[in-house]
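Dear colleague,

A summary of the findings follows it.

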Amino acid sequence: MTAKDVVTRIQQRLAESGIAWRAQTVDTFKAGRPETTVRGIATTGMATLDTLRRASAAGRNFVITHEPTFYNHQDQTAALEQDTTYQAKLRFIQDHRLVIFRLHDHAHMLRPDPLVVGSARVLGLTPYASASERNVYVVPETRLRALASDIARRTGGRQIRVCGDPDMKLTRIALGPGYGVPPLTQAVDVSIGGEAPESGGQAEYALDAQALGRARAVILLGHMMSEDWGMHEVAEWLRGFVTGVPIEWIPAGEPFGAPRG
Amino acid sequence: MATTRSRREFLWTAASTLAVCTAPRVAAAPSELTAAELTGRVREKVGVAWRTPSVDGFKAGRAEALVTGIATAVLPTVDVLRRAAAAGHNLLITQEPTFYTSAEDGGAAASDPVYAAKKALIDERHLVIWRFSDHWNARRPNESVAALANALGWSAYRLADADGLYRIPEVRLDTLLQHVRTRLRVRGGLRWLGVPDMPVRTVVLSPGTTDLPSTVSRLPHADAIIAGEPREWEAVPYVLDTRPRKALVSLGRVVSLEPGAAACAAWVRSFTPEVPVDSLTTGDPYWSPLS
């Protein structure tokens, strides 16, 4: 079975679920030859050099990554040709005959979204999923400080950022994957996501809401702490229809150092 | 912070910090300077051709209003607006939007009571908000970079003919982190990549948006980049992949730009004798459950 065969099976499986392959998509081969025989598959949140080393050492020569390989959404490399970091990464991929495919747009189209499922699972939110509202979780009343500490403990995330009054009470949580957090509507106390801009995100809204006596909060897990676990779900999904090769989740992991470096 | 209590107190202290950059003034007769006249003066002095379209311009209030005082800010939060009003400053010069989107239409929050209450506050206190971001950031050398360097005590270390590069006395990364944390009063927003004991000598300062092209072009000449807001699928994994490892210190957008907003106040003050000009800070919006 070649890497191309695996992608064809993914496309077939999506089609069976009513998801047509998009004409415009970032889900393409990023490096390596699609005709390469697959010895093992690694799914990961991001194909960092470190992730690729671990995949290669484990004999997983086909890496399916959620986020880019070459540091931009379209994986455009023209501006990187002279860059030694890019060159070394590309050389590592070639030397170890790795093949890299991105599975981003179509992964988010699955229902439920495996990136949210994985995040909810690691945060312990799964049992609290709202029956009627997508990506909303209703938890027994707690305070922001307790929720944030619990999340830090569960994810092992070292750089979780919280905006909001630590003493605010909450029950309704909206969970979004990756970039941007769900809007803080009147029906949401806390919005959790991976990363978000400080202006045009929700943090400044949370600051204003707090100042106006309507407690709202944002928790940013970090992009990988938000989506890495979702690629564990994607590995499980792949095992359902790609047989004959080992499929392993190789997390990119928390990139940031401890709060006190 | 040792305890959550002290962290919380720190939060309130930081939130109420008023960066007063002028000596106390004796109350003067009301100025006859309108917001339109003042912003016209800024446009004249900025030394950059005015761009169309631009995000810069009036976002709330009346351009004909007489200016009683001016406050610069990165983020015009409700708290900043209240403090400006309390200090008698009715004109805000801000870097970021007031109503959560660059279109200033509130986006998903437009039908929300928070949006409505913020609008009402601006109306009741007769505040005027003028955004000044594109043109302030187009000045060369970049004002936000120079102001951040100054806040870190590095003004003398600027490398001539280099964009945002500073050669500082050699320091370990963990010591550098402590310096940054203390000087800029960062709370939970400070994040870093690298090896704690790695030596740092040459630093790129990249406040605001830290994009990939400017990182790729400058980091090869430096040991570390001090970033404002780097994307975690762009500059962050790029720095993570460097061998030997380079360092990234991410401050957050607001913290990285606030020294520049204070510099903007000083600059406006230099040609605005009629009214007091101050700078108001929000500080780091984030705390961490781990620190």
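In chain B, B:Ile226 touches B:Val180, B:Val203, B:Val204, B:Leu205, B:Ser206, B:Val249 and B:Leu251, leaving aside residues up to four places away in sequence; contact here requires C-beta atoms, placed from the backbone, to lie within 7 Å. This is a predicted model, in which local features need pLDDT of at least 70 and side-chain atom pairs count only at pLDDT 80 or more, while totals for chains, interfaces and linings use all residues. Residues are numbered from 1 along each chain as its sequence is written, and chains are lettered from A and ligands numbered from 1 in the order in which they are written.

B:Ile226, together with B:Leu248 and B:Val249, touches the most other members of the largest nonpolar core, which has 79 residues. Such a core is a set of buried Ala, Val, Leu, Ile, Met, Phe, Trp, Tyr and Cys residues joined through C-beta atoms within 7 Å, where buried denotes 20 or more other C-beta atoms within 10 Å of the residue's own, with C-beta atoms placed from the backbone. Helix α9 (residues 253-269) of chain B gives the most to this core, namely nine residues. A second, separate core of 78 residues includes A:Ile100, A:Ile151, A:Met168 and B:Tyr115.

As to the interface, 51 residues of chain A are in contact with 52 residues of chain B.

Chain A itself is divided into domain 1 (3-110) and domain 2 (114-224), with bounds from an automatic or database domain assignment. The C-alpha centres of these two domains of chain A lie 30 Å apart.

With kind regards

Note on methods. Contact = placed C-beta atoms within 7 Å. Buried ≥ 20, exposed ≤ 12 C-beta atoms within 10 Å, placed from the backbone. Helix = DSSP H or I, 4+ residues; strand = E, 2+ residues; numbered from the N terminus.
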